[in-house]
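Biologist: Could you take me through one part of this protein in detail, the sheet, and tell me how it fits with the rest of the chain?

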Amino acid sequence: MQVFVNGDAMEIVEGATVADLVRQLTDDPRGMAIERNREIVPKSAHATTQLADGDRLEVVQFVGGG
């Protein structure tokens, strides 16, 4: 199925969760925020939030430094 991540189309497997998507995107999910269809998905819900065809996700990775 197809979802859109930060505006770009991405193919993922049927039944994938937000946690599955995060694992595809990065090895280090610390400091990552996910918005699905304009609603923030709490980290506590990543493993149980299933994605659907056409979902629009915004992914932000916080970076420290100075």
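Modeller: Let's start with contacts, keeping in mind that this is a predicted model. Take the contacts between residues at least 6 apart in sequence: 53% of them join residues at least 24 apart.

Strand E1, residues 2–5, pairs with E2 in the antiparallel sense, over four bridges. One of the pairs to look up on your screen is glutamine 2, whose bridge partner in E2 is glutamate 11. The hairpin of E1 and E2 has two residues between the strands, and asparagine 6 takes a positive phi there, near 50 degrees.

Further along the sheet, strand E3 (residues 32–36) and strand E5 (residues 56–61) are also worth a look: they run antiparallel and are joined by five bridges. Here you can find methionine 32 standing opposite glutamine 61 in E5. As for what holds such pairs together, strands of a sheet pair through backbone hydrogen bonds, either parallel or antiparallel.

Between E2 and helix H1 (18–25) there is a loop, and threonine 17 lies in it. Threonine 17 has a relative accessible area of 10%; anything under 20% counts as buried, so this residue is buried. Leaving out neighbours within four places in sequence, threonine 17 is in contact with His46, Ala47, Thr49, Gln50 and Leu51.

Stepping back to the whole chain, buried residues make up 32% of the 66 in the protein. The radius of gyration is 12 Å, which agrees with the value near 11 Å that a compact globule of 66 residues would have. Along the principal axes, the C-alpha atoms fill a box of roughly 40 × 25 × 20 Å.

Conventions: Residues are numbered from 1 along each chain as its sequence is written. This is a predicted model: local features need pLDDT of at least 70, side-chain atom pairs count only at pLDDT 80 or more; totals for chains, interfaces and linings use all residues. Side-chain values use heavy atoms; hydrogens and water are left out. The radius of gyration is taken over C-alpha atoms; the globule rule is 2.2 Å times the number of residues to the power 0.38. Buried means under 20% relative accessible area, exposed over 50%, partly exposed in between (1.4 Å probe, protein chains only). Contact means heavy atoms within 4.5 Å. Two strands pair if DSSP finds at least two bridges between them.
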